[in-house]
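User: I've got a chain to go through with you. Can we take it piece by piece?
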Amino acid sequence: MARFKGKEDAILFPTGYGVNLGVLSCLLKPGDVAVLDILSHASIYDGARLAGADIKVFSHNNPEHLEKVLKNLPTKRAIVCIEGVYSMDGDLVKLPEIVEVCKKYGVRILLDEAHATLIFGKNGRGVAEHFNLEDQIDITIGTFSKSFGAIGGFATGNAKLISYLRMYVRSYVFSCGMAPHTAAGILKVIELYEKDKSYLYKLWENTHYMQQKLREAGLDTGATESQVIPVIVGNDRRLREISRIIHSKGLYTGVVTFPAVSSKRTRLRLSMSSNHTVEQMDTCVQIIKDTFEQV
């Protein structure tokens, strides 16, 4: 993973959740500040809470609001936590602007590339590579439960930082190691990916096709720029009825309700694959469109 990510060292965890929980609770202490995008994953919030750190939030993907927050911090012992691709909306972090603000105020950056690894960047290293800003990120984390199709998580960075984490992260030290067959599968994924990018090209072909078809059907897909495609419903009651109907028609999607998202922005959540066929995607769109018109 260190070689693949272009970093000095890496540390692996049994779950992606355990990465954020352990790394943040290890690096932060009471009196430090975790500055989080308001749409950060629950595991990022939980890691900061476990550390006893103060939590400050900034408006989603808003570098101007981030600067206002950092300007008023009582300490420089702070970590800004962002995601490469946001897991519920599928939009990309405004990384160049956020990096500029963080460097101005001398704070560290933790970037969660869970939904961007193997997807973005020339070598699939994520959104930081996509923006050519890998050397500006202090610690990169992610999970193997998305594009790798496995389970586990990773953190990468300089050798000194990873050595420290290896000794003091409780979710690493006091947890079981990754199963050997899981590690073998992840290594095989990297090997295949580096030899053949055809799956990646097909994924993007499917993603663009699906986004276009959903929008042509008059469905609200928000600001997605990735393989994560929300279809906004608006309230829990309608969402649950829509979910029940489409499931009865043979279509399974993720269902995201409050408090994971705003009660006014509940949604179906589609995750695209290179294996989806045009027929499957057309059928999916038609089922969703018909059900939205019905409910």
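User: Where is phenylalanine 131 found?
Analyst: In the loop between helix H6 (127-130) and strand E6 (139-143). Helices (H or I, at least four residues) and strands (E, at least two) are DSSP runs, numbered from the N terminus. One caution: this is a predicted model, so local features need pLDDT of at least 70, side-chain atom pairs count only at pLDDT 80 or more, and totals for chains, interfaces and linings use all residues. Residues are numbered from 1 along each chain as its sequence is written, and side-chain values use heavy atoms, with hydrogens and water left out.

User: Phenylalanine 131, what does it touch?
Analyst: Val93, Leu95 and Pro96, not counting residues up to four places away in sequence. Contact means heavy atoms within 4.5 Å. Leucine 95 sits 36 residues away along the chain, yet its C-alpha atom is 7.3 Å from that of phenylalanine 131.

User: What about asparagine 132, buried or exposed?
Analyst: Exposed, because its relative accessibility is 65%. Asparagine 132 lies in the loop between H6 and E6. Its phi is near 55°, a positive value in a residue other than glycine.

User: Leucine 118 has a positive phi too. What is the value?
Analyst: About 75°, and leucine 118 is not a glycine. That residue lies in the loop between strand E5 (108-112) and H6. Leucine 118 counts as buried because its relative accessibility is 6%.

User: Switching to threonine 143. Which strand is it in?
Analyst: Strand E6. Threonine 143 is at 8% relative accessibility, so it counts as buried.

User: What does its side chain reach?
Analyst: Two partners to mention. The side chain of threonine 143 makes a polar contact with the side chain of serine 145 at 2.8 Å. The threonine 143 side chain also reaches the backbone oxygen of glycine 152 at 3.0 Å. A polar contact is a pair of N or O atoms within 3.5 Å; within protein, one must be able to donate a hydrogen and the other to accept it, and residues adjacent in sequence count only if both atoms are side-chain atoms.

User: And which residues is threonine 143 in contact with, leaving aside neighbours within four places in sequence?
Analyst: Gly16, Ala114, Phe148, Gly152, Gly153 and Phe154.

User: Which peptide bond is cis?
Analyst: The one from phenylalanine 258 to proline 259, with omega near 10°. Proline 259 is in the loop between strand E9 (254-256) and strand E10 (267-271).

User: Zooming out. How many helices and strands are there in the chain?
Analyst: There are 12 helices and 10 strands.

User: Why does the radius of gyration agree with a compact globule?
Analyst: Because a compact globule of 295 residues would have a value near 19 Å, and the chain has 20 Å. The radius is taken over C-alpha atoms, and the globule rule is 2.2 Å times the number of residues to the power 0.38. The C-alpha atoms fill a box of roughly 55 × 45 × 35 Å along the principal axes.

User: How much of the chain is buried?
Analyst: Of the 295 residues, 51% count as buried.

User: And the contacts in sequence terms?
Analyst: Among contacts between residues at least 6 apart in sequence, 68% join residues at least 24 apart.

Notes: Buried means under 20% relative accessible area, exposed over 50%, partly exposed in between (1.4 Å probe, protein chains only).
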